[in-house]
Amino acid sequence: MLRFIVQRLFAAAITIWIATIAVTLLIHLVPGDPVRIMYAGFQTTEAEIEAIRARLGLDQPVWRQYFMYLGRVLQGDLGHSIVGNQPVLDTLLQRFPATLALTVSALVIAVVVGGSLGFFAAYKRGTAWDFGAMTLAIVGVSMPHFWLGLLLLFLFSMTLGWLPVGGSGWRNLILPALTLGLATGAVIARLTRSAMIDIFDQDFVRTAHAKGLPKTLVLYRHALRSGLVPVVSMLGLQFAYLMGGAIVIENVFAWNGVGRLAIQAVFARDYPLIQGFILFFATVVALVSVVIDVTYALLDPRIRYGT
Amino acid sequence: MKLRKTLTLPSRAALLGSAFVMAGLPAIAGGDLIWARYGDIDSLDPHRATSTLSMQVWDQIYDTLLAFDEDGVARPNLAASWEVSEDGLSYTFSLQEGVLCHDGSAFGAEDVKFTIDRAFGDNPSLTRTSWGPITGVEVVDDLTVTVTLESTFGAFLPFLADSFSSIVCASNAEAEGFGTRSAIGTGPFKLVSWVQGDEVVLERNGDYRNFGKPVENAGPVHLDRLIVRTIPEPQTRLAALRTGEAHIAEPPFDDIPDILAGDELNLVVAENTGQNVFWQYTVSRAPFDDIRARQAVAHATDPEMAIEIVYGGTNQREWCPIAAGVFGNDQEFCAQYGYPYDPDRARELLAEMGYGPGNPLETTMYVWTGGNRHILAEIFQAQLADVGIRASIEIMDIGTMNARVREDNERTDTTAPGTFNMMTWGWYDPDILFALWHGGGAYAGYQSDELDAMLELTRELTDEAARLEAVQDVIRYLMTNAIHVGLYTPGWEWIFALRPEVEGFKVGAFLHPMFQDVRLTD
């Protein structure tokens, strides 16, 4: 087990390392002089532009810039934002709890709603119920988060007046979590359905029925438990998907998390903040994936033997 | 600031405002007003940001020595009066008595000195060059302060009415986290909190007195609190407005006709914003190193028709290189040197240069994102194609465009055709022309010693009539040489949608929203 955890942590470290290279190169991929773009609108002299370039290390060869950046990152220093001159890591950590609350709530909604819908569709396989549930799931998968968010906003805030439009606080969390959760739930519904259909055809389910066990006991204790194993394995991927979705959804509902910070940083051309966000995002996704992989391995020993 | 007739006939807000009074509906004192905006402030420190969104919040916390009246002319405000030395190099300001900073300390000459010293200190203001060539600030007594300049500076007094010159109380030096957690001024509201990216909460300053802002209320504001909330998504902002979660917000551009058609919300369009949009060109290489190519583009495009299609009545044709309401702007004067839509003349100019059917002038037009400007660019593209100019369009954010334009001017290692761009700036004074064109200016563009000398004169002259003449000389030069060709104003959409219970909201000249007269009706 320890070997498995070390392997997974090593894989995560490689992901994060690749992210550090990507963020160093990012600034050089932008058309135009990055310092002039960052400081557009400020009254900066040529000497100041050069000083900023030197401060950001942009006057150095790219390889040296990379090692300078890596050195700072290893000391927990992601630099200072251009706008407001705040430490990037502090700013990200300040906003992260809001994003975590959103993604975790959305994940719970996704698993409960998606799992139930998939299970129901599999149980009613081949009927109009199955067709209806899967049509709903396809709509959910296909619909952009942004659009779904606006529809829910129109329904629950503007028409029914049940929920606030945007801002902070637990009531404000409901709509963004629902938007993100329903979209992800649609993916989980499709996964659950196919997993459950496989399980329903397995010998152990047929045996359970043959033994005369009550139908609900067979469905929930025997079939559902086994059917959810592949779904759980996908949660790591879904979490990354949710974090990506949060960037858009936080903006729609004015939820003050790191996703919204990222959009603001892009519009403000705040490269240190954009770089910090990408690295932070990659680190969170990589670490959550490790946790989910390890949990999964604990639940299903075959996984770690297979690695 | 008033509602435009083309938007609603007659001015709906004015009618509604008077309707409340006539019907005797109570306008209650107090209450919290929520103002939803697309973005947050960058800093509470007026020396550490340049965005309009930041300035509009500073206006509520701080005050300025002078203030713009409705026509954009700088008038006495915290400075009750001033005297200028004969050589024009020293200004002595007499300050208002009895003004208090938000922490209860008396406002005076030390606060003015603190602000200016700070703007030129170790970590200088991002807009310090706009203060002018200041060499020293001397406190004469508690309410008298003298500012000395190295050379005369015509834009000095107007700058003192702008938010970048907001007076920061000296007590901020001891306050922890100035610019992020604290901000002490003498403005109509005190800072309660700023949650970055989310909201700025301000509360009524009971000691506030207005001296020069063009509002009716000379005392403290009627509201209890002003909450400035960031809601980036336009449709969410509109939803917040409709559900009552916000009282004032910038509506999505495409929803304006619906808002006008309905009775639910009122619209206020900012006038005299100081902003305008213009053509400028890469003059360092062909084709725009030839004046005829620049003139051909100007003659081939019809901004009047394009802005009517895209913006309805919310933007106006602007002939001058500086915006309407700015000192020196005179449509009649500028139109004499302008380029009316004349495709035949454009074709003639192109033919003189050797272009014609089968040999179009190839170039690229840069446009910055947002505000439906891509449609505007496509209209211009079609008009240009009609005369034989094949212009591809590149749309980018304004910061990238600023950098690309400069880079294009500075490049010498290419034979690719030069580009032209739809550029925009907003400023309260013709001094913007100095920043844009002196020595090649902000974009390392057109440069001539003659123009430089003319621009220097516009800075040095302080006599109004003489300065006007100098500014108009520059305008004539820029236009006849087709260097800076005005298109339309304001260019950025400063339209505010208001819930019907909001009364008395005004946007002063150069985009200063004012809440002094605002009441929430029951």
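This is a predicted model: local features need pLDDT of at least 70, side-chain atom pairs count only at pLDDT 80 or more; totals for chains, interfaces and linings use all residues.
Start with chain B. Its secondary structure comes to 15 helices and 24 strands. Along the principal axes, the C-alpha atoms of chain B fill a box of roughly 75 × 60 × 40 Å. How does the radius of gyration of chain B agree with that of a compact globule? A compact globule with 522 residues would have a radius of gyration near 24 Å. Chain B has 24 Å, so the two agree.

Now look inside chain B for an open sheet of six strands. The order runs β15-β19-β14-β18-β16-β17, and the pairing is mixed. Two strands form the edges: β15 (316–317) and β17 (389–396) of chain B. Each of these pairs on one side only. For β17(B), the partner is strand β16 (residues 361–368) of chain B. The two run in the parallel sense and pair over eight bridges. Within this part of the sheet, B:Val367 stands opposite B:Ile395 in β17(B). A helix packs on the sheet as well: α11 (residues 373–387) of chain B. Helix α11 touches β16, β17 and β18 (420–426) of chain B. The direction of α11 makes about 165° with that of β17(B).

Next comes the contact between the chains. Chain B gives 33 residues and chain A gives 31 residues. On the side of chain B that touches chain A, three elements each supply at least two residues: β11 (225–230), α5 (234–243) and α12 (398–410) of chain B. Which element gives the most to this side? It is α12(B), with eight residues. By class, this side of chain B has eight nonpolar, 14 polar and 11 charged residues.

Finally, turn to chain A and a pair of packed helices. Such a pair is described by the angle between the axes and the distance between the axes. Here the pair is helix α7 (residues 145–159) and helix α8 (residues 170–200) of chain A. They pack at an angle of about 135°, with their axes 9 Å apart. The helices α7(A) and α8(A) are therefore oblique to each other. Their crossing is right-handed. From α7(A), the residues in contact are A:His145, A:Leu148, A:Gly149, A:Leu152, A:Leu153 and A:Phe156. They meet A:Leu175, A:Leu178, A:Thr179, A:Leu180, A:Leu182 and A:Ala183 in α8(A). The residues of this contact divide into nine nonpolar, three polar and no charged.

Methods: Residues are numbered from 1 along each chain as its sequence is written. Chains are lettered from A and ligands numbered from 1 in the order in which they are written. Axes are lines fitted to C-alpha atoms, for helices over the stretch in contact, and angles run from 0 to 180 degrees between N-to-C directions. Helices (H or I, at least four residues) and strands (E, at least two) are DSSP runs, numbered from the N terminus. Angles under 35 degrees count as roughly parallel, over 145 as roughly antiparallel, 65 to 115 as roughly perpendicular and the rest as oblique. A crossing is left-handed if the near helix is turned anticlockwise from the far one by less than a right angle, and right-handed if clockwise. Two residues are in contact if their C-beta atoms, placed from the backbone, lie within 7 Å. Ala, Val, Leu, Ile, Met, Phe, Trp, Tyr, Cys and Pro count as nonpolar, Asp, Glu, Lys and Arg as charged, and the others, Gly among them, as polar. Two strands pair if DSSP finds at least two bridges between them. The radius of gyration is taken over C-alpha atoms; the globule rule is 2.2 Å times the number of residues to the power 0.38.
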